[in-house]
Amino acid sequence: MYFTRFIKKNRTFATMINKKNYRLPAEWEPQSGVQLTWPHAQTDWAPMLSEVTKTYEEMAREIRKREPLLIVGPPTDDTWARDHGFISLLSVKGTGIQLLDFCFNGWGEKFPAAQDNAINRHLYDEGSVKGQYVDHLDFVLEGGSIESDGQGTIFTTSCCLLAPHRNQPLTREQIEQRLKDYLYADRVLWIDHGHLTGDDTDGHIDTLVRIAPDNTLLYVGCDDPDDEQYDELQLMEQQLRTFRTTEGKPYTLKRLPLPHPIYDEGERLPATYANFLVINGAVLCPTYAQPDLDGEALRIIGSAFPDREIVGIDCRSLIKQHGSLHCCTMQFPEGVLCGPAAP
């Protein structure tokens, strides 16, 4: 009895016992499927439901060509599967899966999230996913706020994880330790700069910097000193140059263009090419009807994933609700999704 209580009060020690049992896979590893949480009339999509549904249908078709698709229907508060979906860990020995259910609170209590926060438990109870359910609902963590290289390094942004109404009064050091414990990570690399105007997430890393094979970082750059995002993105670029791999080598940096500003009713929207989704055999990339920059972005992303088909999807509808393609989706590694085999 005493030992059980001791373990519960000493998460770090408990994790150290099984430190290498699990890992957070990289997105480009083999997948069992992708989740889409479908738009409906009780969400913020209501005024443009037909338009956004067409975008979701296009995403669904491209995903289904290559792997199974799990669609979550109403009732939900919203549709951002990246942030309310399970974060899945794989056993390093290939003997098990952990399905981590973190608290989603509407990006720091900005929006209602109670129904979205209940989705994972429903999926687990009805048998749509398989693995060990792990309750981390006492800790706020969105899938869009972390990136993994699959080898023990987690990337995140301080502006998001330290933002108000997420995990206060935990300090940066305490949050980092939680990430290491829960995700079985060896280290956390914090990005301290970079934020897109109009972003509701307080700077999710999947809008700014993405990890690719061979220690490659794809990131958003800005060349226009008159752009309001210029200074922060320049500082972010400088910090990325200081990052080192576990072998002590610099990362290979690939700079993505910044889309031309997109506005809705006078408000600048957080359009970004970094919000792509890697699936089996392909990378689905957001485009914004800007042929010059869309083409350049797809070429750069393709150079980081030379073994995959690069597929552009018009995300002008998604950006009107301040998100894009990666935000709408959550991939499951092999062994997680139950259902029919991939086509």
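Two residues are in contact when they have heavy atoms within 4.5 Å of each other. With that idea in hand, welcome to a short tour of this structure, which is a predicted model.

- Isoleucine 205 sits in the loop between β9 (187–191) and β10 (209–212).
- Is isoleucine 205 buried or exposed? With a relative accessible area of 0%, isoleucine 205 is buried.
- Methionine 48 is 157 residues away from isoleucine 205 along the chain, and the C-alpha atoms of these two residues are separated by 27 Å.
- Not counting residues up to four places away in sequence, serine 145 touches Phe155, Thr156, Thr157, Cys160, Leu161, His204 and Ile205.

**Leucine 233**

- Leucine 233 has its place in helix α10, and its relative accessibility of 1% makes it count as buried.
- How far apart in space are leucine 233 and glycine 194? Their C-alpha atoms are 4.9 Å apart, while 39 residues separate leucine 233 and glycine 194 in sequence.
- Once residues up to four places away in sequence are set aside, leucine 233 touches Gly194, Leu208, Val220, Gly221, Cys222 and Leu258.

**Salt bridges**

- How many salt bridges does a search of the whole structure find? The search finds 21 salt bridges.
- One of them pairs glutamate 27 with arginine 82, and the closest N and O atoms of this pair are 4.0 Å apart.
- Another salt bridge forms between glutamate 176 and lysine 180, with 3.3 Å between the closest N and O atoms.
- Here the two partners share an element: glutamate 176 and lysine 180 lie in helix α9 (residues 172–183), four residues apart, which is about one turn of the helix.
- Lysine 180 is buried because its relative accessible area is 19%, and buried means under 20%.
- A further salt bridge joins the side chains of glutamate 237 and arginine 255, at 2.8 Å from N to O.
- This pair links distant parts of the chain, with glutamate 237 in helix α10 (residues 230–242) and arginine 255 in strand β12 (residues 252–256), 18 residues apart.
- Glutamate 237 is buried at 6% relative accessible area, whereas arginine 255 counts as partly exposed at 26%.
- Salt bridges that share partners also join Glu27, Arg82, Glu147 and Arg210 into one network.

**Cavities**

- The structure has five cavities of 30 Å³ or more.
- About 270 Å³ of space lies in the largest cavity.
- Which residues are closest to the centre of the largest cavity? Of the 20 residues that line it, the closest to its centre are Leu24, Pro25, Glu27, Arg82 and Gln331.
- β4 (87–91), β7 (146–148) and β18 (329–333) are the elements that give two or more residues to the lining of the largest cavity.
- The lining of the largest cavity is made up of ten nonpolar, six polar and four charged residues.
- Glu27 and Arg82 turn up again here: they are among the residues closest to the centre of the largest cavity, and they form a salt bridge with each other.

**Cysteines**

- How many disulfides does the structure hold? It holds zero disulfides.
- A disulfide needs two cysteine sulfur atoms within 2.5 Å.
- The closest cysteine sulfur to that of cysteine 103 is in cysteine 160, and the 13 Å between them is too far for a bond.
- Cysteine 159 also has its closest cysteine sulfur in cysteine 160, at 6.6 Å, and this too is too far for a bond.
- Cysteine 103 is buried, with 15% relative accessible area, whereas cysteine 159 counts as partly exposed at 30% relative accessibility.

How values were computed:
Residues numbered from 1 in each chain as written. Predicted model: local features only at pLDDT ≥ 70, side-chain atom pairs only at ≥ 80, totals over all residues. Heavy atoms only, no water. Buried < 20%, exposed > 50% of the residue type's maximum accessible area, 1.4 Å probe, protein only. 1 Å grid on protein atoms, 1.4 Å probe; cavity = no way out; pocket = protein on both sides within 12 Å on 5 of 7 lines; lining within 4 Å. Points joined across faces, edges and corners; volume = space filled by probe spheres on them. Nonpolar A, V, L, I, M, F, W, Y, C, P; charged D, E, K, R; others polar.
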